[in-house]
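These are my notebook entries on a single structure, which I went through by topic.

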Amino acid sequence: MAKITMTVNGRQVSGTCDDRTLLVHFIRENLGLTGTHVGCETTQCGACVVHMDGQSVKSCSILAAQAAGSAITTIEGLASNGELHPVQAAFKTYHGLQCGFCTPGMVMTAVDMIRRHGGNLDEATVRAELEGNICRCTGYHNIVQAILAAAAETGGARQAAE
């Protein structure tokens with residue numbers, strides 16, 4: 001058993017888990033933060049994306065013990081003072097979701113994408129960057145529109161052709 005400490009959504013947390021426990025399971029089962037979804041557990045779907053030390057990672061591919069000492073942000077940590085993060089708000093406005101299963105991972109990927117690309121974000125880049133996130137409902141059009149709108153609102157995207 002490993003005893004680990006990390007900062008999750010700005011709060012220091014500690015817990016004990018089996019050495020083989022994946023970060024996604026530690027977040028959900030030990031911390032009770034169920035917004036991070038377990039999809040494929042093979043890094044194919046992106047439902048488990050969180051930010052680790054500021055970068056998006058698939059939490060099904062990282063052991064909880066490997067994340068010890070790291071700063072983790074989950075979907076629950078994006079909203080601030082009751083206000084949705086601009087990406088969350090854009091997903092709501094542009095209906096970038098249907099069943100909602102992929103949405104947390106898509107949002108976390110989008111936040112990191114906007115952080116990294118800023119003013120160089122366009123539709124082709126968004127579509128390429130979403131390749132590691134699977135949505136079986138929407139066909140991606142509204143997701144892409146939501147990401148571009150959020151990037152534009154936060155200062156960084158060229159709008160895609162409608």
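Predicted model: local features only at pLDDT ≥ 70, side-chain atom pairs only at ≥ 80, totals over all residues.

**Entry 1. Salt bridges**

Arg-20 makes a salt bridge to Asp-18, with 2.9 Å between the closest N and O atoms. Asp-18 is partly exposed, its relative accessible area being 31%.

I then asked how many salt bridges a search of the whole structure finds. The search returns 5.

Next I took the pair Asp-112 and Arg-116, whose closest N and O atoms are 2.9 Å apart in a salt bridge. Both residues belong to helix H3 and are separated by 4 residues, about one turn of the helix. I noted the general rule that an α-helix has 3.6 residues a turn, so residues three or four places apart point the same way. Is Asp-112 buried or exposed? I find Asp-112 buried, with a relative accessible area of 4%, whereas Arg-116 is partly exposed at 40%. I also recorded a network of salt bridges that links Asp-112, Arg-115, Arg-116 and Glu-129.

In helix H4 I found Arg-127 and Glu-123, again 4 residues apart, about one turn of the helix. Their side chains meet in a salt bridge of 3.1 Å, N to O. Arg-127 counts as partly exposed at 35% relative accessibility, and Glu-123 is partly exposed too, with a relative accessible area of 23%.

**Entry 2. Cysteines**

I searched for disulfides and the count is 0. Cys-17 is itself buried, at a relative accessible area of 4%.

Cys-135 counts as buried at 10% relative accessibility.

I followed strand S3, residues 49-52, and noted which way its side chains point. Val-49 and His-51 point one way, Val-50 and Met-52 the other, and all of them are buried.

With which strands does S3 pair? S3 pairs with strand S4 (residues 55-58) in the antiparallel sense over 4 bridges, and with strand S5 (residues 71-73), also antiparallel, over 2 bridges. I located Val-50 opposite Val-57 in S4 and His-51 opposite Thr-73 in S5. The hairpin of S3 and S4 has 2 residues between the strands, and there Asp-53 takes a positive phi near 55°.

**Entry 3. Helix H5**

I then examined helix H5, residues 141-153, which has 13 residues. From first C-alpha to last, H5 reaches 18 Å, close to the 18 Å expected at 1.5 Å a residue. I listed the buried residues of H5, among them Ile-143, Val-144, Ile-147 and Leu-148. What do the buried residues of H5 pack against? They pack against helix H2 (86-93), helix H3 (103-117) and helix H4 (123-129). Just after H5, I noted that Gly-155 takes a positive phi of about 100°.

Definitions and conventions. Residues numbered from 1 in each chain as written. Heavy atoms only, no water. Buried < 20%, exposed > 50% of the residue type's maximum accessible area, 1.4 Å probe, protein only. Pairing = 2+ DSSP bridges. Expected span 1.5 Å × (residues − 1). Contact = heavy atoms within 4.5 Å. Salt bridge = Lys/Arg side-chain N within 4 Å of Asp/Glu carboxyl O. Disulfide = S-S within 2.5 Å.
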